[in-house]
Amino acid sequence: ANGLAGTDTLTASVNGTAVVPTLAGIENLLFRVFAATTVTGTNISGVDNITSTNSNATLTVTSLQELTNVGLSGIADGASGLTISFTTAATTSTSDTLGITLTDANAGTLAFTTGASNGFETVAFTSDGTTANILTALTQTTGTSLVTSTFGGANALQVKSLPTTVRTFTGGTGLTGALTLGTGTRADGTDTYTGFAAVDTASATGGMGNDVFIFGTTLDASD
């Protein structure tokens, strides 16, 4: 399928059957996943966003040749997530950014795979919707170049686990929803986080909301 001029959107429901589509110039791909499904991305080009929406299982997208942003929308079970892999050639720059948008989501793990030594340098979270967003974990299965995470949006956001290579956490004026990150357990004992590495944190900057950073035992004079 080929997109036309303008911004095109393809919406598909999948139920466990592997999919190997040929898609060109369709900017937004929305998948509703009823059973864990793998989409092979070898023949996908010109896509800007891949989103799992209102899903009950995890979507896996493999072998993407180009960079794309990803999203999780309307997921409520706290378990369904997204696994996405890029070819080594897709992240050859020294400033590659993976954009992640959460919209009314209580999601499981978002896992990404890149080239072993030169993957993404930055992940950029946007928290949208009308209810608080929760991501159980962001993981990188390969790659060691990810060092920065940025956060924006008007909705509250909890990211309970981040890769330990991330050492800079930046909110700022673009983040008006409350952000919760860290390593340890909240004071009320309700949630546990593993976002901050034991190595030195370079910087942690909140936004305009009532942010919570939990340093636990990782905070020392070198942070």
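1. Two strands pair if DSSP finds at least two bridges between them. Strands themselves are DSSP runs (E, at least two residues), as helices are (H or I, at least four residues), and both are numbered from the N terminus. In this structure, L59 stands opposite L82 in β9. Four bridges join strand β7 (residues 59–64) to β9, and the two run parallel.

2. The model is predicted: local features need pLDDT of at least 70 and side-chain atom pairs count only at pLDDT 80 or more, while totals for chains, interfaces and linings use all residues. Residues are numbered from 1 along each chain as its sequence is written, and side-chain values use heavy atoms, with hydrogens and water left out.

3. The secondary structure of the protein chain comprises zero helices and 20 strands. Of its 223 residues, 45% count as buried; buried means under 20% relative accessible area, exposed over 50%, and partly exposed in between (1.4 Å probe, protein chains only). The protein chain exposes about 9400 Å², of which carbon and sulfur atoms supply 52%. Such areas come from the Shrake-Rupley method with a 1.4 Å probe, and for residues only the protein chains shown count as cover.

4. Contact means heavy atoms within 4.5 Å. Among the contacts in the protein chain with a separation of 6 or more, 50% are between residues 24 or more positions apart.

5. An open sheet is formed by nine strands with parallel pairing, in the order β1-β3-β6-β8-β10-β12-β14-β16-β19. At its edges stand β1 (9–15) and β19 (203–207), each with a single partner strand, so one side of each has no neighbour in the sheet. From one strand to the next, the twist averages 20°; axes are lines fitted to C-alpha atoms (for helices over the stretch in contact), and angles run from 0 to 180 degrees between N-to-C directions. Within this order, strand β8 (residues 69–73) and strand β10 (residues 97–103) run parallel and are joined by four bridges. S73 stands opposite T103 in β10.

6. Strand β9 (residues 82–86) is largely enclosed by the rest of the structure, because four of its five residues are buried. Four bridges also join β9 to β11, again in parallel. Here T83 stands opposite A111 in β11.

7. A search of the whole structure finds three aromatic pairs. Rings of Phe, Tyr and Trp (its six-membered ring) pair if their centres lie within 6.5 Å; planes under 30 degrees apart count as stacked, over 60 as edge-to-face and the rest as tilted. F112 and F120 form an edge-to-face pair, at 5.7 Å centre to centre with 80° between the planes. F112 is buried, with a relative accessible area of 1%, and F120 is buried with a value of 1%. F125 and F151 form a stacked pair, at 5.2 Å centre to centre with 5° between the planes. That pair links distant parts of the chain, with F125 in strand β12 and F151 in strand β14 (residues 148–153), 26 residues apart. F125 is buried at 2% relative accessibility, and F151 is buried at 4%.

8. One aromatic cluster is formed by F86, F112 and F120. Two of these residues, F86 and F120, are touched by T114, which also touches T91, G119, T142 and G143, not counting residues up to four places away in sequence. T114 lies in the loop between β11 (106–113) and β12 (122–128). Is T114 buried or exposed? T114 counts as buried because its relative accessible area is 7%.
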